[in-house]
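I open the notebook on a structure that is new to me.

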Amino acid sequence: MNILSSLIGTLINGEFIKRCVFHPSTDKLSISISSPTRINVHLSTGRKLSTSVKHLNMNLKEVVEHLENLFPLELAADWDNVGLLIEPKSPHIVKRIMFTNDLTEVVMNECINKHINMIYSYHPPIFKSFKRLTQSSFKERIIISSIQHNIAVYSPHTCLDSSNQGVNDWLVQCLDSVECKPIIEFKDDKYTQCLKIEVVLPDGPLTADLLIEELSKMKCTSDITVHGVTNIDNNNSTQSTGDNSSCARISVRTAKINKEEIFSAIYNYEPISVESYILDKPNRYGFGCGRICTLPENTILAEIISKVKKHLKLNCVRLALGNGCTLDSKIKTVASCAGAGTSILSGCHADMYLTGEMSHHDILEANSSGISVLLCEHSNTERGFLTELKYRIEHEKILPDIDIIISEYDKDPVDIV
């Protein structure tokens with residue numbers, strides 16, 4: 001038992017051991033670490049230690065935390081409805097996630113047939129409020145089906161739009177621009193006055209895990225980070241007593257107005273030391289709505305159209321030539337916005353607009369200023385990013401051992417015939 005106790009809090013591959021269980025019948029020790037992994041260790045006498053690693057499927061809460069870390073909900077527009085929209089009864093283990101741009105009834109049936117546990121829908125299927133859930137509209141039927149089949153639904157929408165390396169950056173990848181920046185920069189007013197609190201806790205990662213779990217439930221915290229384990233004198237004196245124990249350092253960011261609530265939680269764990277710092281506004285360079293791109297050299301309009309069609313895998317797009325422009329006109333700057341671009345692109349000075357859709361009168365307004373407008377249909381300027389996101393999550397092992405599937409039936413409702 002002493003041997004097992006001494007293992008708690010030590011490190012394996014950079015992860016803290018949280019739980020040890022010895023199985024006499026199999027001569028194995030199961031070690032649970034802080035990542036979703038279990039390690040089985042052979043303890044047979046006279047044999048070398050052998051280990052086998054088995055990844056465990058994540059529960060819904062863990063998946064949501066990873067998704068929010070990728071694209072924080074604070075990036076969303078005020079009018080949007082993002083995050084976890086449908087939450088099945090806990091515990092809900094996630095083994096398969098369906099990526100879709102729009103959650104239609106066809107896609108919902110696909111999810112049911114493929115035994116999906118969670119849907120990642122770029123556009124939120126729940127936007128306007130419902131006074132009842134009946135079979136009268138397709139969105140009501142989708143929500144009912146999701147609940148009936150125990151499927152969670154999560155939507156990132158404008159979090160992906162505003163993020164650096166998000167949808168809007170993906171849309172203009174094919175332009176090979178030398179400079180690309182947001183048309184409207186993201187303003188993080190929520191954390192204008194921000195505190196960073198650094199805490200040293202006794203009893204190493206065990207106490208840290210408990211505090212982190214409590215802080216994570218508070219909506220006013222972000223960027224909770226464990227800095228590892230160190231040996232610190234518990235008396236915190238300049239002269240060491242020699243009775244050093246394992247301690248954990250963590251830091252947490254919060255708005256200044258929430259400091260009393262955070263400090264109250266921290267002091268419940270009898271910290272060795274607590275220090276706080278006032279931070280400047282978080283660095284959100286490259287975050288914001290739309291993109292204005294400067295090309296390395298003047299490029300004819302026809303060549304840009306060809307690059308966009310290849311990038312979006314489209315045979316046809318719609319083009320509204322600016323006054324005095326032709327397909328041979330030279331383009332140096334492109335303003336783009338995924339989806340519906342009117343609110344972002346209107347009044348933006350560029351040689352060309354690239355977006356999914358714009359209204360008739362807004363197109364005329366742009367054309368009158370000599371700006372050509374390339375329309376690729378709303379979701380065609382968004383959907384392809386999901387494939388890139390899938391690759392990133394798998395490559396960086398953000399959701400290990402969870403199958404991510406791109407919907408086969410998700411498509412833009414508009415066809416050009």
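I looked up Lys390 and found that Lys390 forms a salt bridge with Glu394, the closest N and O atoms being 2.9 Å apart; a salt bridge here is a side-chain nitrogen of Lys or Arg within 4 Å of a carboxyl oxygen of Asp or Glu. Both residues lie in helix α12 (residues 385–395), 4 residues apart, about one turn of the helix, where helices (H or I, at least four residues) and strands (E, at least two) are DSSP runs numbered from the N terminus. An α-helix has 3.6 residues a turn, so residues three or four places apart point the same way. Glu394 counts as partly exposed at 38% relative accessibility; buried means under 20% relative accessible area, exposed over 50%, and partly exposed in between, with a 1.4 Å probe and protein chains only.

I note that this is a predicted model, in which local features need pLDDT of at least 70 and side-chain atom pairs count only at pLDDT 80 or more, while totals for chains, interfaces and linings use all residues. Residues are numbered from 1 along each chain as its sequence is written, and side-chain values use heavy atoms, with hydrogens and water left out.

I then turned to the other salt bridges, of which the structure holds 12 in total. Asp403 and Arg96 meet through their side chains at 4.0 Å, N to O. Asp403 lies in strand β24 (residues 403–406) and Arg96 in strand β9 (residues 96–100), so this pair ties together parts that are 307 residues apart in sequence. Asp403 is partly exposed at 43% relative accessible area, and Arg96 is partly exposed at 28%.

Glu408 forms a salt bridge with Lys114, with the closest N and O atoms 2.8 Å apart. Because Glu408 lies in the segment after β24 and Lys114 in the loop between α3 and β10 (118–121), the pair ties together parts that are 294 residues apart in sequence. Glu408 counts as exposed, at 59% relative accessibility.

Ala335 lies in strand β21 (residues 330–340) and is buried, with a relative accessible area of 0%. Not counting residues up to four places away in sequence, Ala335 touches several residues, including Ile183, Arg291 and Leu345. The C-alpha atoms of Ala335 and His349, 14 residues apart along the chain, are separated by 7.9 Å.

Note on methods:
Contact = heavy atoms within 4.5 Å.
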